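Hello,

Here is the structure I promised to pass on to you. Have a look at it first, and then read on for what turned up in it.

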Amino acid sequence: MNKLHVNAAYCKGCLICVEVCPAAAIRPCPMINSRGYTLPEEDDMSRCTGCRLCETVCPDFAVAIETDEDGGE
Amino acid sequence: MSPDRSTDLLKPGVHYLQGAQACAEGALMAGCRVYAGYPITPATEIMEHAAHRLPRVGGRFIQMEDEISSASVLLGASWAGAKAMTATSSPGFSLMQEVISFAIMTETPLVIVDVQRPGPGQGYISTSQEDVMQARWGHHGEGSIIALSPASAQDMFDFTIEAFNLAERWRTPVLVMAEETVAHMRERVVVPPADAIPIVNRTTPQDLGIPPQSYLPYGHAQVPPMAVWGQGYNINHVSLVHHADGNVTRYNPAVHLENVGRIHRKIEDNVDAIARLETRGLDGCRHVLICYGSVSRTGIEAVREAREQRGIPIGFIRLNTLWPFPERRLRDLVPEVDAVFVPEMNLGMMIHPVTEALRDRCRRVVPIPSLGSLHSPGAILARIYEEIP
Amino acid sequence: MKKHPMLKYLKEEAAAGPRLPLILCPGCGAGQVLNYALRAVDAVIQEDGLRKEDFVFISGVGCSSRLASHYLNFDSAWTLHGRALAVATGALLANPKLKIIVFTGDGDAAAIGGNHLIHTCRRNLDLTILCVNNGLYGMTGGQVAPTTPFGVRTVTTPYGNVEDEFDLCRLAQTAGATYVARWSTAHPHQTIKTIQKGIRKNGTAFIEILSQCPVHLKKTPAEMFRQLKKSTVSLKKAAAGRAGSRIPVGEFCDIDKPDWITRYQNVIDRLQSDERTHE
């Protein structure tokens with residue numbers, strides 16, 4: 001199953017990644033973090049196809065999708 | 001004006017050139033291979049000569065849509081490794097001030113020639129020295145600058161080469177404050193053999209063995225080594241207050257003082273190495289005439305006649321460099337005199353730093369203004385004889 | 001923690017400390033444009049074998065111009081408001097091998113920089129202009145811009161804008177740019193492909209990217225993203241008269257014409273081949 005990595009130091013909680021995800025695999029986190037942002041989090045990653053649209057649209061280079069092909073780097 | 005058809009630089013020997021041509025040829029001799037400009041009287045001849053000559057020596061010339069973009073071209077050209085120049089006149093010089101300010105902060109070598117004409121406004125198209133204060137203070141913000149004052153076609157050749165050498169040595173914009181007189185006069189210009197002309201190029205990090213990963217774009221020395229684009233140094237040029245590594249965050253007053261303070265001191269602390277002046281007859285003189293640019297041509301005649309015809313012990317100082325102002329050197333040269341005469345083609349500009357330097361060394365400082373035309377020797381003499389009957 | 005693939009092109013850390021995250025507001029479209037641009041550059045480097053060292057990013061002043069402020073692991077310069085194209089011109093004249101990408105905004109390019117935009121396009125200098133158009137001046141607080149539509153209230157048009165806006169692509173095309181395209185941040189793949197084409201184009205590529213400013217327009221980033229998708233329409237549909245009030249996006253022109261450096265090189269070659277030329 002694919003994994004969502006969110007760099008909390010870079011993410012500003014714009015949630016465009018959640019907006020564009022075609023598989024509805026991620027969702028906004030219900031908690032505000034210490035910087036006042038609502039980060040994305042995994043919802044149901046079994047739906048994630050690895051299209052990486054979230055990575056493509058991220059304005060802050062804060063998300064990354066890890067797939068099995070990445071070989072656990 | 002007949003363009004030189006040679007694909008070479010000027011051959012060593014005697015040439016008969018207009019000051020404007022000599023300026024452009026000096027730039028080529030110094031290694032200038034990018035010229036951008038905009039037409040404006042009385043500087044246009046420099047650009048026209050550059051337009052003819054740049055492609056012949058393998059450089060590139062472009063006429064831009066205004067003076068602001070002409071000066072901006074020099075920034076990109078310099079960062080990409082070329083020596084670059086533009087020439088303008090007083091109204092265009094006003095337009096270029098933001099670029100000059102930016103070049104000071106980014107420590108970008110480039111040369112701007114201002115062929116001064118009277119102002120304010122459209123003023124006139126005759127000669128002037130009305131921009132000499134603007135040269136130092138016209139750019140917004142702090143940061144010092146280098147400005148030279150040529151007085152002949154020979155100077156137009158020599159000083160332009162010197163301007164490029166200073167720009168490269170000190171990583172700064174350098175101004176050649178010419179005047180309409182000196183740009184339009186045709187005179188003998190002697191070109192030395194190429195190996196007798198010192199050419200200075202910027203120090204690069206490679207010259208100092210600094211690899212990209214340890215390079216600090218604004219660090220390592222008071223004059224930071226300058227990386228050129230296209231060589232893998234990933235250099236970011238920025239004019240916001242910055243750290244030595246180019247970071248523009250983490251602003252605080254200490255960083256600000258360190259950054260801008262170093263840029264200021266880079267020039268002002270080195271005035272002895274940068275500024276040049278000429279002196280005649282200072283031994284035992286009771287008065288002195290201090291001038292610059294084409295006024296030094298008639299000024300020296302007035303001094304000679306006053307000494308020979310009336311035996312007035314008056315000495316002569318010519319400021320080849322206007323900025324940084326050589327205050328300490330001037331005080332050393334003038335221990336005690338009665339009158340200091342300062343003829344200028346303006347209503348009194350360099351007379352201010354002169355007065356600041358020599359107020360306690362003389363009894364009076366006497367301005368000799370002229371607007372729009374060069375003082376004749378007689379006009380200068382008349383004022384001298386008024387003060388010293 | 002797996003890192004975003006484009007971070008290899010950014011300076012995360014340097015001697016004076018961390019530089020990321022970008023100074024831009026949450027959800028700002030300019031950050032997305034940087035993402036798209038880096039992907040396009042990455043593709044061109046991999047596929048065409050271009051040298052990373054030859055790429056130079058030049059910006060003016062404004063939110064989008066912050067992209068080239070100090071973040072890039074490339075040669076770059078954050079220059080003067082409106083003058084990035086003149087600076088780029090100088091760099092090309094000094095080293096025509098440089099692959100120059102200019103980040104600019106609607107105010108930077110079309111207001112203070114308008115004259116230089118027109119002349120750069122006319123000259124067909126070989127560079128790629130990425131104009132991030134958010135319809136206002138973001139950095140300074142949301143003032144009206146030459147791209148703000150009629151009637152819109154901004155901090156300097158508090159009673160509604162009385163001016164019509166520029167069509168930047170039409171302006172660039174009329175001025176002579178040989179590759180002109182418009183997309184929005186809500187068209188990531190099209191934008192990336194278009195930027196690749198712009199880089200590969202030998203001439204002036206003007207690429208306008210409609211972008212969201214959530215802070216000044218007081219909407220969430222996601223909402224604005226949806227709105228961008230809805231308010232744009234393909235050129236084909238627009239040509240068929242079905243645009244309505246939607247903004248046409250796509251490629252407006254793609255023509256071949258020798259660029260400035262090539263033409264000037266012809267002059268250099270001609271002069272140097274025969275010293276006896278009577279020119």
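Among the two pairs of chains that touch, which pair has the most contacts? The answer is chains B and C. Please keep in mind as you read that this is a predicted model.

**How the chains meet**

Let me begin with the pair that has the most contacts, chains B and C. Here 40 residues of chain C are in contact with 46 residues of chain B. On the chain C side, strand 4 (75-78), helix 2 (84-94), helix 4 (114-123) and helix 10 (260-273) each supply at least two residues. Helix 2 of chain C gives the most to this side, with eight residues. Sorted by class, the side of chain C that touches chain B has 20 nonpolar, 13 polar and seven charged residues.

There is also strand pairing between these two chains. Strand 9 (residues 236-237) of chain B runs parallel to strand 4 of chain C, and two bridges join them.

**Chain A**

Chain A has two helices and four strands, and from the N terminus on its elements run β-α-β-β-α-β. Its radius of gyration is 12 Å, close to the 11 Å that the globule rule gives for 73 residues, so chain A is as compact as a globular protein of that length. The C-alpha trace of chain A spans about 35 × 25 × 20 Å along its principal axes. Of its 73 residues, 44% count as buried. Counting the contacts in chain A with a separation of 6 or more, 58% come from residues 24 or more positions apart.

**The two domains of chain B**

Chain B is divided into domain 1 (13-196) and domain 2 (278-387). The C-alpha centres of these two domains of chain B lie 26 Å apart. Their contact takes 23 residues from domain 1 of chain B and 20 residues from domain 2 of chain B.

On the domain 1 side, the elements that give two or more residues are helix 6 (132-137), strand 6 (146-148), strand 7 (173-179) and helix 8 (180-184) of chain B. Helix 6 of chain B gives the most, with four residues. By class, this side of domain 1 of chain B has 13 nonpolar, seven polar and three charged residues.

**Two elements of chain B to look at**

One is strand 5 (residues 110-116) of chain B, which is mostly covered: seven of its seven residues are buried. In a regular strand, side chains alternate between the two faces of the sheet. In strand 5 of chain B, Leu110(B), Ile112(B), Asp114(B) and Gln116(B) point one way, Val111(B), Val113(B) and Val115(B) point the other way, and all are buried.

Strand 5 of chain B pairs in the parallel sense with strand 4 (residues 83-89) of chain B over five bridges, and Met85(B) stands opposite Val111(B). Strand 5 of chain B also pairs in the parallel sense with strand 7 of chain B, over seven bridges. There, the bridge partner of Asp114(B) is Met177(B) in strand 7.

The other is helix 1 (residues 19-30) of chain B. At 1.5 Å a residue, its 12 residues should span 16 Å, and its end C-alpha atoms are 16 Å apart, which agrees. Helix 1 of chain B is mostly covered, with 12 of its 12 residues buried; among them are Gln21(B), Cys23(B), Glu25(B) and Met29(B). Just after this helix, Gly31(B) takes a positive phi of about 105°.

Definitions and conventions: Residues are numbered from 1 along each chain as its sequence is written. Chains are lettered from A and ligands numbered from 1 in the order in which they are written. This is a predicted model: local features need pLDDT of at least 70, side-chain atom pairs count only at pLDDT 80 or more; totals for chains, interfaces and linings use all residues. Two residues are in contact if their C-beta atoms, placed from the backbone, lie within 7 Å. The radius of gyration is taken over C-alpha atoms; the globule rule is 2.2 Å times the number of residues to the power 0.38. A residue is buried if 20 or more other C-beta atoms lie within 10 Å of its own, exposed if 12 or fewer, and partly exposed in between; C-beta atoms are placed from the backbone. Domain bounds come from an automatic or database domain assignment. Ala, Val, Leu, Ile, Met, Phe, Trp, Tyr, Cys and Pro count as nonpolar, Asp, Glu, Lys and Arg as charged, and the others, Gly among them, as polar. Two strands pair if DSSP finds at least two bridges between them. The expected span of a helix is 1.5 Å times one less than its number of residues.
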